[in-house]
Every structure is written in structure tokens, then in C-alpha cells.
Amino acid sequence: AKPIVAIVGRPNVGKSTFFNKLAGKRIAIVEDKPGVTRDRIYTDVEWLNHSFTLIDTGGLELESDDVLLSHMRNQAKMAIETAHVIVFMVDGRAGLVSDDEEIANLLRRAGKPVLLVVNKVDTSNLPVSFYDFYQLALGEPVAISSTNALGLGDLLDEIVARF
Ligand code: GDP
Ligand code: MG
């Protein structure tokens, strides 16, 4: 079976944009249909001589009682249990927020390799807020821009090195 890589993080950090960027290389024509992209949460990714299954968990909603959101939260927890490598995505524009810390606490207990990925770093200059993410104690953050496709190759190298 292929290794599983799960993308987790609070809503709006860019998980689906990242997912679609990696998925789009192989399924761009199918994914042009509205509604299809949103529902597709699994895709196969090939990088160098590696192949893995990428899961978009849809976001960890830590505070809500809503049934649908708690369902999403359970799905995310299941993805964390199933994953070989976890991509924990945070928002370099918003900076570090308390929900990031709560998710980080969950992930430190997962006992899985976690890659801390700071998305929305759209230029080659790191924002000052980048350095705050070291406080999450999940190692060296990796800066990417999903919309501008910056840093994705380096991130994929880091992912496959953990299989
Ligand atoms: P999700 O809720 O984590 O799946 O986040 P989405 O992928 O839906 O993205 C949320 C918003 O962030 C959208 O408006 C995206 O266009 C935007 N976004 C995603 N990635 C980037 C990025 O690398 N740079 C910038 N500037 N915006 C981004
Ligand atoms: Mg999403």
C-alpha cells in the first residue's frame, strides 16, 4: 500500500488550494468541473521515485458542537491515525493563532512525523510572523505559497524523506 499523507490545519489556511495544486497535475481536466474539486479529498501524488496518497482533511474545528463540524473533526482524527506523515498547515499572513496551538498539542500526541508548513508566503522574503511558528515546537517550519507554487518541490522532498 502507498504511504498516506494527511493535510491538517484550521480552516482557511490553504489546505484545499495546496491539495488541488498537487492533484491538478494529473487530474486537471476532471477537476475543472465545479463541485468535483471540493468533494475530492483523496488523490495520488508522484514525486521522484515515490508515490503516495494525499488526504485533505477539511479542517480541524476544535471549538464547535455542530454535528457536521464534529463529523469533520472525527474525519481529521481518523486521517491523523491513518497517516504516515502529517502536513500541518498554518497561515503565514494571519500568523500564529491559538487554534494552531491546540492542533499542535493534538499532533504532538499523534506519534507521527509532522511537517509544519507555513502557507501564503507569496514572495521570497519570510514575514516576521514566520519565526513565531517555532513556538509550536514541531521543528523547522517550511515556507510555501500554494497559489504561487513556491517551495512545493522542497516540501515534497521533505515529505518523501519521512516515509
Ligand atoms: P482551507 O480552508 O484550508 O482548505 O483553505 P483554502 O484552500 O480554501 O484557501 C482559503 C483562502 O486562502 C482562499 O481564498 C485561497 O485562495 C487562499 N490561499 C490559499 N493558498 C494561498 C497562498 O499560498 N497565498 C495566498 N495569498 N492565498 C492563499
Ligand atoms: Mg478546504
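**Helices and rings in a predicted model**

The protein has five helices and six strands, taken as DSSP runs (helices H or I, at least four residues; strands E, at least two) numbered from the N terminus. This is a predicted model, where local features need pLDDT of at least 70, side-chain atom pairs count only at pLDDT 80 or more, and totals for chains, interfaces and linings use all residues. Residues are numbered from 1 along each chain as its sequence is written, chains are lettered from A and ligands numbered from 1 in the order written, and side-chain values use heavy atoms, with hydrogens and water left out.

Me: What share of the 163 residues is buried?
Reply: Buried means under 20% relative accessible area, exposed over 50%, partly exposed in between (1.4 Å probe, protein chains only). For the 163 residues, the buried share is 44%.

Me: Within what arc do the buried residues of α4 fall?
Reply: Helix α4 spans residues 98-108, and its buried residues are Asp100, Ile103, Ala104, Leu106 and Leu107. The arc is taken from the directions from the helix axis to the C-beta atoms. Those residues line one face of the helix, because seen down the axis they fall within an arc of 160°.

Me: Are the planes of Phe130 and Tyr134 stacked or edge-to-face?
Reply: Rings of Phe, Tyr and Trp (its six-membered ring) pair if their centres lie within 6.5 Å; planes under 30 degrees apart are stacked, over 60 edge-to-face, the rest tilted. Phe130 and Tyr134 sit 6.3 Å centre to centre with 80° between the planes, so by that rule they're edge-to-face.
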